[in-house]
Amino acid sequence: MSDFNLPVAQSFDCMPEPILYVEGGLVQYRNPAAARLAWLPPVGEPLPELLEGETDATRSLTAEGKPWTAVSWTCGEGQLLRLSPVEEQPILPNDRIPFLLQRLRGPLAGMMSSGELIRTVLTADQKQKEEGVLARYSKSQLRVLRMLRLLELAALPEGELPYDYTPQVMDLVGLCRWCFHEMEGLVNMAGREITLKVPRRTVYVKCDDQMILYLVCQLVSNALRATEKGGKIVLRLELRRQRAYLSVEDDGPGLPQEKLACLFDPSRGGDGLRDIGEGLSLGIPVCRKIVGYHDGSILLRNLPERGVRATVSLPLYQPRPATVCETPRQIDTTNGFGVALRELSDVLPEECFHPEGMD
């Protein structure tokens with residue numbers, strides 16, 4: 001083992017968090033805390049698929065029904081992995097949040113119906129004259145809807161599934177194309193370019209399609225926030241061994257290492273992608289929960305040149321001959337506006353919400 005000798009290893013023996021050193025694809029060292037976890041391999045064995053990925057990155061994964069955060073560093077010719085258990089409590093530990101959310105939905109529905117009524121009584125000339133006001137009104141409604149959904153998912157205790165979680169056998173290639181179709185026009189209106197790269201074959205997974213669209217929108221929203229006008233975003237699907245790797249990457253400046261290391265830790269300020277006071281900072285922690293519902297993992301890392309890549313790993317599904325592959329459900333959870341428009345509302349320009357575009 002290069003650059004990782006016995007004295008160095010002994011310094012990790014007393015640490016309470018599981019530590020692994022991996023070189024050549026095999027575990028070369030694990031401390032006593034790692035040895036106590038049955039799902040971690042012994043020395044000389046390869047890493048489980050959940051932990052495979054790039055170095056100098058942070059990822060979230062679910063193992064044996066419990067959520068973990070793993071941070072990796074380059075060490076000589078290998079990598080060090082430190083695992084931390086995620087506290088099994090809501091991101092927002094307040095048992096009144098579901099009640100408050102339900103109470104908020106009533107006034108919001110009244111606002112939205114009033115807005116629609118106003119649009120029906122305005123003449124074409126009046127709509128044109130007040131299009132800026134109407135656009136800001138629509139954008140504000142969608143931003144509130146987005147925050148309500150974030151809070152709803154954040155308030156769920158770890159391991160508890162949302163009431164509307166409905167996993168089905170899906171073709172992930174088709175699902176990626178659907179997500180891309182929902183977002184492409186909006187991303188272009190924001191002055192960025194998004195491209196889709198998927199394999200030319202069917203890829204089966206068992207997932208909730210609305211949750212996957214929600215997840216991809218969250219990651220694209222972060223990419224939009226990280227890039228300037230003219231920036232490029234790539235939605236990519238790849239296969240390695242028995243897992244599908246769905247990634248969103250941007251060509252922005254990347255993230256400082258200290259932010260990268262705490263993205264999944266709600267106790268250290270949420271997702272760490274925004275300035276204080278700019279938003280709820282719940283996007284990445286909620287993405288971690290959605291990935292956990294699907295027995296997957298999520299990894300974020302800086303790209304070698306510039307930009308950030310977020311990669312979601314999902315287990316492949318081997319359907320039986322009689323299994324029916326479902327198409328994406330057309331369920332309206334946004335009062336007629338669409339999931340993509342709602343989830344990107346924080347970063348889209350006002351032009352996306354002008355009355356003629358909303359009809």
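Leu316 is partly exposed, with 23% relative accessible area; buried means under 20% relative accessible area, exposed over 50%, and partly exposed in between, using a 1.4 Å probe and protein chains only. The model is predicted, so local features are reported only at pLDDT of at least 70 and side-chain atom pairs only at pLDDT 80 or more, while totals for chains, interfaces and linings use all residues. Residues are numbered from 1 along each chain as its sequence is written, and side-chain values use heavy atoms, without hydrogens or water.

**Overall make-up**

The protein chain has 11 helices and 12 strands. These are DSSP runs numbered from the N terminus, with helices (H or I) of at least four residues and strands (E) of at least two. Of the 359 residues in the protein chain, 50% are buried. Contact means heavy atoms within 4.5 Å. Among contacts between residues at least 6 apart in sequence, 66% join residues at least 24 apart.

Leu316 sits in the loop between β12 (308–315) and α10 (339–343). Its C-alpha is 7.3 Å from that of Val203, although the two residues are 113 apart in sequence. Leaving out residues up to four places away in sequence, Leu316 touches Val203, Tyr204, Val205, Leu239, Arg241, Gln242, Arg243 and Ala244.

Ser72 belongs to strand β4 (residues 66–75). Because its relative accessibility is 0%, Ser72 counts as buried. The side chains of Ser72 and Arg59 form a polar contact of 3.4 Å; the term covers N or O atom pairs within 3.5 Å in which, within protein, one atom can donate a hydrogen and the other accept it, with residues adjacent in sequence counted only if both atoms are side-chain atoms. Outside the four places on either side in sequence, Ser72 also touches residues including Glu54, Thr55, Asp56 and Leu81.

**Helix α9 and the positive phi values**

All 11 of the 11 residues of helix α9 (residues 283–293) are buried. Among them are Pro285, Cys287, Arg288, Lys289 and Tyr293. After α9 comes Asp295, with a positive phi near 55°. Asp295 lies in the loop between α9 and β11. A positive phi, near 50°, is also found at Glu64, a residue other than glycine. Glu64 is placed in the loop between β3 (57–63) and β4.

| Residue | Relative accessible area | Class |
|---|---|---|
| Glu64 | 62% | exposed |
| Asp295 | 51% | exposed |
| Cys75 | 15% | buried |
| Cys287 | 0% | buried |

The structure holds zero disulfides, a disulfide being a pair of cysteine sulfur atoms within 2.5 Å.

**The cavity**

One cavity of 30 Å³ or more is found in the whole structure. A cavity is a set of points on a 1 Å grid over the protein atoms alone where a 1.4 Å probe fits but cannot get out, and lining residues have an atom within 4 Å of a point. The largest cavity holds about 80 Å³ of space. Its lining consists of Leu50, Glu52, Gly53, Glu54, Arg59, Arg240, Tyr245, Ser297, Ile298, Leu299, Thr311 and Ser313. β11 (297–302) and β12 are the elements that give two or more residues to this lining, and β11 has the largest share, three residues. By class, the lining has four nonpolar, four polar and four charged residues, where Asp, Glu, Lys and Arg are charged, Ala, Val, Leu, Ile, Met, Phe, Trp, Tyr, Cys and Pro nonpolar, and the others, including Gly, polar.

Notes:
1 Å grid on protein atoms, 1.4 Å probe; cavity = no way out; pocket = protein on both sides within 12 Å on 5 of 7 lines; lining within 4 Å. Points joined across faces, edges and corners; volume = space filled by probe spheres on them.
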